[in-house]
Amino acid sequence: MRRKLVVGNWKMYGGLVANQALLQDVLNGVSELVKADYAVCVPFPYLSQAQTLLAGSNLAWGAQNLSTQQEGAYTGEVAAGMLTDFGCTVVIIGHSERRGLFHESNEITAEKFEAAQKAGLKPIFCVGETLAERESGVTEQVVAGQLDAVLVRFGATVLKNAVVAYEPVWAIGTGKTASADQAQAVHAFIRQRVAGYDAGVAQNLCILYGGSVKPGNAVELFSMPDIDGGLIGGASLVANDFVAICKAAQ
Ligand code: PGA
């Protein structure tokens with residue numbers, strides 16, 4: 001049985017004062033929930049705050065990006081080892097905003113994946129098609145290409161210690177959720193694709209859905225056979241909503 005996982009992606013939102021209240025409220029809401037796993041991915045400057053507030057709790061924390069490099073003259077970059085220094089256990093890689101706005105290629109996402117795992121971080125590896133790609137019927141090709149960046153290079157065993165997040169770009173921050181059936185179809189495709197490399201790894205792989213998950217649609221999405229939880233953007237900034245989504249994963 002795969003355990004469900006709910007991860008908040010704060011994106012570039014937050015502030016010391018607001019975070020304190022949000023994290024405290026989320027902690028209070030999830031501290032008794034033992035049947036699933038929970039994490040929040042906060043902006044780099046707030047990792048220390050997250051570590052101080054969340055250490056020893058059942059709410060893990062992580063980052064939203066990292067460098068491909070371990071150290072060096074890379075102004076503005078943050079290395080995997082710096083994330084583990086602050087107790088991070090997970091890191092989002094290949095989010096569509098990174099791919100789209102910051103031109104991260106499949107190759108770069110693969111290098112980041114490797115850098116994360118080398119430092120002992122669990123990658124939350126994001127894949128997903130744009131609206132134009134869905135409408136032209138190439139969703140599976142696009143998702144397969146994004147997955148293969150990791151699978152072809154490293155093989156399927158690296159997915160034993162990783163999470164995949166299917167996030168259709170057209171559903172992110174738009175209020176347009178993929179229907180549970182639409183999401184399930186792509187999740188099943190992802191699992192099948194990984195099974196082509198290693199059936200055991202595919203069976204145990206945690207595949208999150210992301211894209212306008214809200215308290216009102218979380219239960220239906222999470223009840224689909226291949227949806228193992230969610231990567232939550234906007235709703236992770238509202239404590240009651242995020243806690244309700246966490247409860248839906250129970
Ligand atoms: P959203 O974002 O929940 O605000 O759609 C999801 C994500 O980008 O991870």
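What is the volume of the largest pocket? The largest pocket has about 530 Å³.

## Basis

This is a predicted model, in which local features need pLDDT of at least 70, side-chain atom pairs count only at pLDDT 80 or more, and totals for chains, interfaces and linings use all residues. Numbering runs from 1 along each chain as its sequence is written, and side-chain values use heavy atoms, with hydrogens and water left out.

## Largest pocket

A pocket is an open set of points on a 1 Å grid over the protein atoms alone, where a 1.4 Å probe fits, with protein on both sides within 12 Å along at least five of seven lines; lining residues have an atom within 4 Å of a point. Volume is the space filled by probe spheres set on the points, which are joined across faces, edges and corners.

The lining has 21 residues, and Lys11, Met12, Gln64, Arg98 and Phe102 lie nearest the centre. Helix α4 (residues 96-101) gives the most, with 3 residues; helices are DSSP runs of H or I with at least four residues, strands runs of E with at least two, numbered from the N terminus.

## Second largest pocket

The second largest pocket holds about 410 Å³. Its lining comprises 23 residues, with Leu5, Asp37, Lys122, Val163 and Cys206 closest to the centre. β1 (4-9), β2 (36-41) and α9 (199-204) each supply at least two lining residues, and β2 gives the most, with 4.

## Glu129

Glu129 sits in the loop between β5 (122-127) and α6 (131-135). Its relative accessible area is 0%, so Glu129 is buried (under 20%, 1.4 Å probe, protein chains only).

How values were computed. Buried means under 20% relative accessible area, exposed over 50%, partly exposed in between (1.4 Å probe, protein chains only).
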